[in-house]
2 protein chains.
Amino acid sequence: MATFGGRPTILRSIQPGQLIALAFAGVLAIGTALLSLPIAVHGRSATFIEALFTATSALCVTGHIVVDTPVFWSPFGQVVILVLIQIGGFGVMSLATLLGLFVARRLGLRTRLTAVSETHTVAVGDVRRVLTGVALITLTIESAVAVLLALRWWLGYGEDPGRAVWLGVFHSVSSFNNAGFALFSDNLMGFVADPWICLPICASVILGGLGFPVIMELRKKFRFPRAWTLNTITVVVGSIVLLVVGAVVLTILEWSNPATLGALDPAGRVLGGFTASVMPRTAGFNSIDVSQMHPASWLVTDILMFIGGGPAGTAGGLKITTFAVLFFIIVAELRGDTAVNMFGKRLPRSTHREALTVALLSVALVIGATLAIMLMTDYSLDRVVFEVISAFATVGLSTGITASLPPAAQAILIVLMFIGRLGPVALGSALALSTQKRQYELPKERPIIG
Amino acid sequence: MATFGGRPTILRSIQPGQLIALAFAGVLAIGTALLSLPIAVHGRSATFIEALFTATSALCVTGHIVVDTPVFWSPFGQVVILVLIQIGGFGVMSLATLLGLFVARRLGLRTRLTAVSETHTVAVGDVRRVLTGVALITLTIESAVAVLLALRWWLGYGEDPGRAVWLGVFHSVSSFNNAGFALFSDNLMGFVADPWICLPICASVILGGLGFPVIMELRKKFRFPRAWTLNTITVVVGSIVLLVVGAVVLTILEWSNPATLGALDPAGRVLGGFTASVMPRTAGFNSIDVSQMHPASWLVTDILMFIGGGPAGTAGGLKITTFAVLFFIIVAELRGDTAVNMFGKRLPRSTHREALTVALLSVALVIGATLAIMLMTDYSLDRVVFEVISAFATVGLSTGITASLPPAAQAILIVLMFIGRLGPVALGSALALSTQKRQYELPKERPIIG
Ligand SMILES: [K+]
Ligand SMILES: [K+]
């Protein structure tokens with residue numbers, strides 16, 4: 001079958017993606033250089049791979065670490081990490097929102113994100129509006145969470161006010177941007193049973209992971225779910241299902257594990273299990289010792305990490321929408337329906353193939369990287385695949401092997417973090433833009449893929 | 001969008017599948033009863049789970065074992081196993097061929113399998129023709145292989161003629177039906193460097209795994225590949241690619257492993273690597289010690305096992321065609337094509353969703369079973385997932401944990417073998433039959449899914 005003349009090919013569509021990747025790489029180079037300075041550390045200077053790994057992990061809001069953040073990095077180094085996290089989170093959130101807007105406009109789909117009349121391009125005004133919106137949302141949520149956390153660390157733990165504010169700011173930025181960096185050597189394990197620390201951080205992580213379009217819509221139409229876009233309803237319902245199922249399963253699996261939840265009182269176990277369900281998608285903080293979890297819990301966490309959060313937010317992974325499209329294709333197929341319907345909307349056919357492509361290429365990448373790292377090390381499949389999915393989905397959880405991996409394996413993780421951060425976003429929008437075939441039979445609506 | 005009135009739903013379409021499952025269950029009950037008899041064993045009688053597991057493994061041509069075949073089972077027991085293998089292989093091969101024919105007729109697709117005029121049902125004459133054809137092909141290939149093997153065991157290993165014939169018959173039936181049962185406690189490890197044993201068995205395995213429609217077409221049109229159906233060309237090309245890539249990768253990975261290929265001369269290593277690439281798809285014989293392979297080789301084997309062989313043959317797994325459809329969807333999507341083309345043919349849209357559904361439900365089943373077995377045992381993910389995929393794809397390879405699994409885990413493997421043997425076939429055809437939407441724009445052709 002002939003294709004349309006002049007249709008943008010994947011190569012042409014991917015060019016903005018290349019520009020963005022270059023911009024990310026530029027920031028990464030600066031971050032690596034700054035972290036290599038003697039002023040960035042307490043003791044010996046960072047090696048090139050340590051600086052590059054940490055900068056990538058911060059910019060891609062992953063949170064994988066090869067050195068102990070509070071011990072190794074000086075306050076200057078920690079500020080560099082914080083700034084990289086903020087740039088990375090802000091950058092991906094705005095970028096993915098703009099790409100989603102652009103795709104919707106180009107495909108002639110209604111978008112309720114802006115009130116302007118229907119056009120087929122994204123104008124300077126849109127860019128300004130999105131950037132302002134993301135900045136405002138970020139500032140609001142981060143400030144609120146920082147205040148709560150700072151108060152708790154000041155009043156509850158007796159930290160002096162200056163340090164409490166710094167701790168509050170760092171962990172609120174790190175949580176809203178789903179980065180998972182912490183200023184405690186045991187991450188959040190010291191606060192596993194403290195809801196005043198865990199719950200604001202969880203809330204911040206979940207909000208960041210919903211994505212900017214969802215937050216905007218919820219802000220305006222929280223009480224009118226029937227008016228929500230397909231993207232919003234999918235992300236909200238999917239988040240609730242994954243959080244609840246993940247929390248129940250992980251709490252049960254770890255309930256009597258003395259090295260994780262078993263040592264806590266029942267309320268602490270529930271809080272710890274809930275936190276363990278929030279963090280794989282894809283914040284990467286941990287309040288229990290991941291290396292001591294049951295291997296079955298690792299597998300459950302693998303799945304949560306791979307699915308990830310909502311599109312156009314600070315979460316990584318395949319995205320809930322991509323996963324939901326695949327799920328509803330199967331439902332439609334098992335019911336024998338000709339159309340794939342999802343929350344009362346019909347999915348355009350093109351989204352089926354896009355979701356499939358994003359998902360299967362991600363699977364192939366994860367398998368390939370896992371194979372490569374297994375050949376370089378003696379770690380078992382469960383630890384390696386956990387590490388690989390965690391890097392790809394920019395989660396940052398680890399069974400404890402990151403720092404002891406050989407440099408070549410760390411380099412693979414660096415590449416995975418980079419691809420995982422930008423790949424699904426770029427691929428999803430490039431695929432959506434690469435087909436111009438429109439179907440007018442019925443009104444349609446599409447979630448953002450990737 | 002409204003659905004067509006009177007369209008068969010998945011529930012109605014699946015009824016023949018239920019009948020077939022019942023028939024399989026009936027044979028299974030008889031096989032289990034026979035294997036429970038004192039005459040079936042050398043020493044103590046088999047427990048219920050041992051008899052049921054072995055009967056399921058034989059009937060589903062899997063080859064997973066919980067007791068040592070030549071040591072535990074008497075000649076009577078071995079004959080029961082052989083008969084179950086033959087019933088299972090013959091049954092699935094004929095059944096899947098007939099279902100494929102039925103689907104093609106119902107969807108109004110041309111089928112070149114029979115020369116009769118186009119009808120929309122499968123008549124008694126078709127059933128007779130298919131059963132006769134499968135029986136003839138089976139008898140021909142099994143006889144030829146049995147003769148070669150018997151001669152080798154007689155002349156090369158000094159077995160007395162009667163035993164040589166029995167060995168030849170058993171291993172030729174076991175190989176053509178992709179069962180993987182052997183009459184040696186170390187399976188085929190004693191013959192790793194003997195091409196006179198390995199190559200006939202590999203040839204028999206590959207032929208059985210191509211599937212009946214492909215064998216029939218190759219017999220008639222071997223020299224005219226341009227006239228092959230899409231099903232045939234997909235299976236042939238896919239088989240060659242998977243065999244070659246698998247052999248090269250596994251030979252390299254195990255080349256200097258002293259517990260597997262490392263102890264052999266170079267020719268033996270190549271033969272052993274080739275055999276290790278043939279057997280996961282999905283015969284399950286092993287000529288090297290699977291438990292000693294590198295975990296990365298397990299992962300490669302996992303992939304080969306999960307893909308499996310051609311449809312309507314004795315191989316299990318997702319099937320090459322299902323995998324190929326997914327692969328070419330991704331290719332089309334990355335190229336920005338509106339149609340998915342594969343070897344010069346356009347795939348009907350309905351096949352996209354069918355392949356996706358078969359593949360993702362299989363993934364979900366594998367993950368679920370893996371989680372369940374991990375909770376029951378202390379084995380690591382790599383061993384458990386290998387065991388689960390091996391059972392689901394009716395391969396029968398094992399890292400050595402089958403016999404020591406608790407009965408509940410063995411019960412899960414029994415269910416997996418059963419679902420793995422019939423599920424993709426039944427699901428694939430039920431899905432294909434459950435949609436009656438026809439697209440006439442261009443001539444199309446479909447491979448068998450599942
Ligand atoms: K993270
Ligand atoms: K087998």
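Author: Helices (H or I, at least four residues) and strands (E, at least two) are DSSP runs, numbered from the N terminus. This is a predicted model: local features need pLDDT of at least 70, side-chain atom pairs count only at pLDDT 80 or more, and totals for chains, interfaces and linings use all residues. Residues are numbered from 1 along each chain as its sequence is written, chains are lettered from A and ligands numbered from 1 in the order in which they are written, and side-chain values use heavy atoms, with hydrogens and water left out.

Start in chain B. B:Thr62 sits in the loop between helix H3 (48-59) and helix H4 (69-72) of chain B. B:Thr62 has 0% relative accessibility, so it counts as buried (under 20% relative accessible area; exposed is over 50%, partly exposed in between; 1.4 Å probe, protein chains only). Leaving aside neighbours within four places in sequence, its contacts (heavy atoms within 4.5 Å) include B:Ser57, B:Ala179, B:Ala283, B:Thr394 and B:Met417.

Now the metal. The potassium ion (ligand 1) is coordinated by A:Val61 (O), A:Thr62 (O), A:Asn178 (O), A:Thr282 (O), A:Ala283 (O), A:Thr394 (O) and A:Val395 (O), at 2.5 to 2.8 Å. A:Val61 lies in the loop between helices H3 (48-59) and H4 (69-72) of chain A, and A:Ala283 in the loop between H11 (266-278) and H12 (295-307) of chain A, so the pair ties together parts 222 residues apart in sequence. Donors are N, O and S atoms within 2.8 Å of the metal (3.2 Å for Na, K and Ca); water is not among the atoms, so sites may look incomplete. A:Val61 is buried, at 0% relative accessibility. A:Ala283 is buried too, with a relative accessible area of 0%.
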